[in-house]
Amino acid sequence: MKPLIAANWKCNPTNKKQAEKLFVDVKKGIKSFKKAEVLICPPFCYLPLLSKLKNNIELGAQDCFWEKKGAFTGEISPLMLKDLKVKYVILGHSERRRYFKETNEEINKKIKKVLKVRLKPLLCVGESQKERKEKKKAEIIEKQIKEGLDGIFSKEIKNLTLAYEPIWAIGSGENCSIDETMSSVLLIRKIIFQIYSRNQAEKIRILYGGSVNSNNSQSYIREAKTNGLLIGGASLKPKEFVKIIKSV
Ligand code: PGA
């Protein structure tokens with residue numbers, strides 16, 4: 001399975017000129033590099049522009065709504081994303097859970113609709129520092145996965161990707177140790193093996209995200225045995241992001 005190296009630009013940059021430059025710099029930097037699948041998830045408004053430039057880079061969105069269309073002011077539907085050649089949709093990112101109070105139930109509705117229109121959901125799970133210290137990590141992650149995937153069948157999950165993103169490691173510079181990442185990834189595998197048949201569940205990629213940079217990226221793939229990375233801050237620096245991609 002090729003590793004997936006995904007960029008989450010979050011709410012950056014603030015104009016399309018910068019978005020285009022950032023995207024093109026990455027595209028030129030990786031040229032014909034084929035060892036990883038490269039994904040960029042920009043803000044919605046840059047998708048039309050970037051979908052014309054994409055070629056060796058896949059495009060993703062950072063969220064979407066659970067209905068295809070209708071009277072839902074301000075929402076973006078999975079069908080609209082599909083029309084813009086988007087392939088992946090990040091769902092349940094901790095910033096959406098925290099600032100927009102997204103629940104596992106809402107995330108579940110979004111995953112279902114995204115799968116239905118044949119896009120690939122990238123479900124983020126992970127514990128806070130408080131939960132980690134109180135030894136509630138396993139319980140929290142199990143709840144996020146079981147409720148997030150409730151009612152989704154084995155045959156539908158081939159398009160699913162999971163990302164282990166401990167909240168305390170996101171944007172903090174305090175990346176999760178290799179040992180802890182390995183044990184969390186194992187825990188996630190164990191949970192999905194409980195829900196789905198082994199041969200389906202084995203095909204699900206599990207990424208790591210949280211303060212990844214070019215010094216630590218290779219260890220997450222080679223030592224922690226993740227199937228890729230989800231990168232925030234470092235993905236806004238094209239040279240650094242390209243270095244991460246080439247480190248896999
Ligand atoms: P970070 O963000 O790389 O800046 O820590 C990761 C993420 O939020 O996906």
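At what angle do helix α1 and helix α11 pack, and how far apart are their axes? Keep that in mind while you look around; this is a predicted model.

1. Start with the barrel. Eight strands close up in the order β1-β2-β3-β4-β5-β6-β7-β8, and the pairing is parallel. Going from one strand to the next, the twist averages 25 degrees. As a bit of background, strands of a sheet pair through backbone hydrogen bonds, either parallel or antiparallel.

2. Now the helices from the opening question. Helix α1 (residues 16-30) packs with helix α11 (residues 238-246) at about 35 degrees, and their axes are 9 Å apart. The crossing of α1 past α11 is right-handed. On the α1 side the contact uses L22, D25, V26, G29 and I30, while α11 brings P238, F241, V242, I245 and K246. Sorted by type, these contact residues are seven nonpolar, one polar and two charged.

3. Stay with α11 and see what else it touches. This helix lies across β1, β2 and β8, and it runs at about 160 degrees to β1. Its buried residues are E240, F241, V242, I244 and I245. Those buried residues pack against β1 (4-8), α1, β2 (37-41), α10 (217-222) and β8 (228-231).

Note on methods: Residues are numbered from 1 along each chain as its sequence is written. This is a predicted model: local features need pLDDT of at least 70, side-chain atom pairs count only at pLDDT 80 or more; totals for chains, interfaces and linings use all residues. Side-chain values use heavy atoms; hydrogens and water are left out. Axes are lines fitted to C-alpha atoms, for helices over the stretch in contact, and angles run from 0 to 180 degrees between N-to-C directions. Helices (H or I, at least four residues) and strands (E, at least two) are DSSP runs, numbered from the N terminus. A crossing is left-handed if the near helix is turned anticlockwise from the far one by less than a right angle, and right-handed if clockwise. Contact means heavy atoms within 4.5 Å. Ala, Val, Leu, Ile, Met, Phe, Trp, Tyr, Cys and Pro count as nonpolar, Asp, Glu, Lys and Arg as charged, and the others, Gly among them, as polar. Buried means under 20% relative accessible area, exposed over 50%, partly exposed in between (1.4 Å probe, protein chains only). Two strands pair if DSSP finds at least two bridges between them.
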